[in-house]
Amino acid sequence: MQIPYTVTPRSDTGLFNGKLGIWLFLASEVMLFGALFSSYVLLRTGAPTWPRGWEELNIPLATLNTAILITSSVTMVMSWASLMMKDFNKFRRYMGSTILLAFGFLVVKAFEYGHKFELGHFPSTSNFFAVYFTMTGLHGLHVIGGIVVNSYLLGPGSKMWNTEPERFTNRVEIAGLYWHFVDLVWIFLFPSLYLL
Amino acid sequence: MRPRKERETPLEHVAAAEHHTHDHGHEEHLGFWRKYIFSVDHKVIGLQYGVTALLFLFFGFSLMMIMRWQLAHPGEPIAAVFFIAPMALIGVVVFFISGIKPSLSMLIGLLFLGMAGLVYYLTSGDERFPGGIMLPEFYNQLGAMHGTIMIFLGVVPLGVGAFGNFVVPLQIGAPDMAFPKLNMVSYWSYFVGGLTMLVSFFVPGGAANSGWTSYAPLSVIATTGQTMWIIGMVFLITSSLLGSVNFIVTIVQLRAKGLTFMRLPFFVWAQLVTSFLLLLAFPPLEAAAVLQLMDRVAGTSFFLPSGLVVSGQALQNAGGGSPILWQHLFWFLAHPEVYVLILPALGIVGEIIANNTRKPLWGYKSLVYSVIFLGFMSFIVWAHHMFLTGMGTTISTFFQTTTMIISIPSVIILTALIISLYGASIRFTVPMLFALAFLPMFGIGGLTGLPLGLAPPDIHLHDTYYVIGHFHYVVAPGTLFALFAGIYFWFPKIVGRTMNTRLGKIHFWGSFVAINFVFMPMFIQGLAGVSRRLYDGGQQYAHAQGVLYLNNVMSIAAWVLGAFQVVFIVNFFWSLKRGEKADTNPWHATTLDWQTPTPPPHGNFLHEPVVYRGPYEYSVPGKKSDYTPQNEPETSGQKA
């Protein structure tokens, strides 16, 4: 038994199964973060005085993190492009850098969290910090999820390159779509939490 | 067809067929665990969903029976033996009559015994029944968990998980779901979520007790059971998320050659729209669950307003949160969820009506467009559950308008199904009886919803028994009857034997009469102003005195209803081995699910099916047989 269109696109839809699957998954992720952003907006506009707290956030560090994530999105594309050009070594280099950059993002985030805790800012301190920790925390979980997937593709999962190169390229593309989404969420989080 | 051994059992068929039709060159022997427990075959997963969901339905029903006992006899000691003895008896009977693989029948028998034990635990103990008399706190747990279990662990997994999994790939001519391993993960995620809910009865303070809606701030300050509820919900949401991605990809990508969208059986359309609702409506509840978890565990105040006083003590929290925010997030899921409950049922009824009227469905295209429009509209009606929250008349006006608009496609669907009966020579089979009963029952459920969708009458009716009567008419004699119809209809495809007709008719007529005696009096009580969620059934209120006697009527009817479900359980297990043998297409149906061996082998079809026509070509003039399967090639000289 063979399930069709796992690798090659179906002619009338123009998609292979995994690609449609990841787009649907991302649609649900949009609804998840959409609900969180809406809650943030509703709480903030509904509050008589929105608790201050964004002055306490470290904008330079967050800018650095934004740069890190955007760079990692670029390396992610390059790793997929390398596979398209049949250059497996280049793929490994780019994928490796993507994972390292993701770790870099988390390390910076950990410093930020630690500093907030030192100053006595916890999720329970005020609704601003509640929103801040919940949303960046959930985004952080998504980054960790991306690291797990990408590490699999760099490590044990890369064996597939020798047997089914096209399918492996598709997998990297799908992981890339997810990774760009995680990047995009941060691009919305950064201004709405740090700057506004 | 393959000759069948006399004592083969359904699951063994699947296994045996697996060996016969494996198209890899090598024999692959799957052990017990891979075949029955961690299977990736959509049919086995569908059966797993079905069995688990039926057991949860039965358990949710038992919770309701305990509530109904209390409502009829508030303040009197409970006679637990009436609950436990029938379950234990069913367990023993199942073990002896089913005759399926001993390990499986023992497993199912033990599950019933386990359920009897669980009910014994729930109906005893000083923290629930001191002196045999129910505490109000425990009644609250029953209410919350009855709703949660019936909706998230019973009806949806049965309608989407079981029927969707088993039937959709067959009807579209696919070898399996698009992502078989993901399918397995969906089931096990559902299973863990269900288990979390059951275990929550044993934590201090018992299970969740803030209603199935878990309104804040009550749920935020509730006992540990609420945290378990949230964790359980996260597993269930994950399950339905993975499931819905899988369904949509399967339907879009794996349709057989020639099966265009407008040739899809109506059931597949219903499942496709359902999957979109699950995909897009559940994540906001997940977000809400995360926020509530933060409120409960990390001490945040997303849903806690400033200055909240609990038991005479000011709550130590930052405040500034919004309880209504929870309601918005919750109903953003829970209204589409209503359509998740009803759409698969409409799909099943459509299939059965076309098959038993021997006519094409009337208005197939308007059915399809209505379902799509319904799915879209269901995202913008949610706040009609919140007219009493004081969100303002402007917003109320918007939502009552959208609610009136959404009733149009519902009425089109129901009308098309009823007109389909016109001029037909109807076969009154057991599935058809259930499908026919579905139409007026769902009609009552829908029409009684109109006053609730308009803000002025809703102010009177909100949170009364009228609301309970309304949505139970939609879900119990509505959806559940359709699901029963589906079980009777597809049973021969799964097992190779039909369920006993006489027992089926007893089950149908008994349930049909009894269920109306359970839910019709609720409208009367509700119009009299009796509130829901009262643990004494309204005894302490003067305005309820005139309609209190109905509590007894409803409770007796509920027992009768339960008794007739035993007929179904006995029929189900008895027919597994002793039912009348059925060939591959016993109902002479046209869709692809019947054009494959029974039970379908691993990979479903012996040859890749090619589709030549629409789904319901019954009684085509000039044809010899009164049905033309979708995959029958055109012969020259015949109309397309």
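These legends accompany close-up views of a predicted model. Residues are numbered from 1 along each chain as its sequence is written, while chains are lettered from A and ligands numbered from 1 in the order in which they are written. In this predicted model, local features need pLDDT of at least 70 and side-chain atom pairs count only at pLDDT 80 or more, whereas totals for chains, interfaces and linings use all residues.

**View 1. Chain A as a whole.** Chain A has six helices and zero strands, where helices (H or I, at least four residues) and strands (E, at least two) are DSSP runs numbered from the N terminus. Its elements follow the order α-α-α-α-α-α from the N terminus on, and its C-alpha atoms fill a box of roughly 60 × 35 × 25 Å along the principal axes. Of the 196 residues in chain A, 37% are buried; a residue is buried if 20 or more other C-beta atoms lie within 10 Å of its own, exposed if 12 or fewer, and partly exposed in between, with C-beta atoms placed from the backbone. Among chain A contacts between residues at least 6 apart in sequence, 76% join residues at least 24 apart, a contact being a pair whose C-beta atoms, placed from the backbone, lie within 7 Å.

**View 2. The largest nonpolar core.** This core holds 240 residues, and a nonpolar core is a set of buried Ala, Val, Leu, Ile, Met, Phe, Trp, Tyr and Cys residues joined through C-beta atoms within 7 Å. The members that touch the most others are Ile248(B), Val349(B), Phe434(B), Ala435(B), Phe438(B), Ala482(B) and Ala485(B). Helix H9 of chain B (residues 266–298) gives the most to this core, with 22 residues. Leaving aside residues up to four places away in sequence, Phe438(B) touches Ala345(B), Val349(B), Gly478(B), Phe481(B), Ala482(B) and Ala485(B).

**View 3. Helix H3 of chain B.** Helix H3(B) spans residues 42–72, and its 31 residues reach 44 Å from first C-alpha to last, close to the 45 Å expected at 1.5 Å a residue; the expected span is 1.5 Å times one less than the number of residues. Because 26 of its 31 residues are buried, H3(B) is largely enclosed by the rest of the structure.

**View 4. The crossing of H12(B) and H13(B).** The axes of helix H12(B) (residues 393–419) and helix H13(B) (residues 430–447) come within 11 Å and cross at roughly 160 degrees; axes are lines fitted to C-alpha atoms, for helices over the stretch in contact, and angles run from 0 to 180 degrees between N-to-C directions. The two helices are therefore roughly antiparallel, a term for angles over 145 degrees. In this pairing, Ser410(B), Leu414(B), Leu417(B) and Ile418(B) of H12(B) meet Leu439(B), Phe442(B), Gly443(B) and Gly446(B) of H13(B).

**View 5. Backbone details in chain B.** The peptide bond from Ala216(B) to Pro217(B) is cis, with omega near 0 degrees, and Pro217(B) lies in the loop between helix H7 (180–199) and helix H8 (225–253). A cis bond also joins Thr598(B) to Pro599(B), with omega near -15 degrees. Asp463(B), although not a glycine, has a positive phi of about 60 degrees; Asp463(B) sits in the loop between helix H15 (455–461) and helix H16 (465–495) and counts as partly exposed, with 13 C-beta neighbours inside 10 Å.

Note on methods:
Two residues are in contact if their C-beta atoms, placed from the backbone, lie within 7 Å. Angles under 35 degrees count as roughly parallel, over 145 as roughly antiparallel, 65 to 115 as roughly perpendicular and the rest as oblique.
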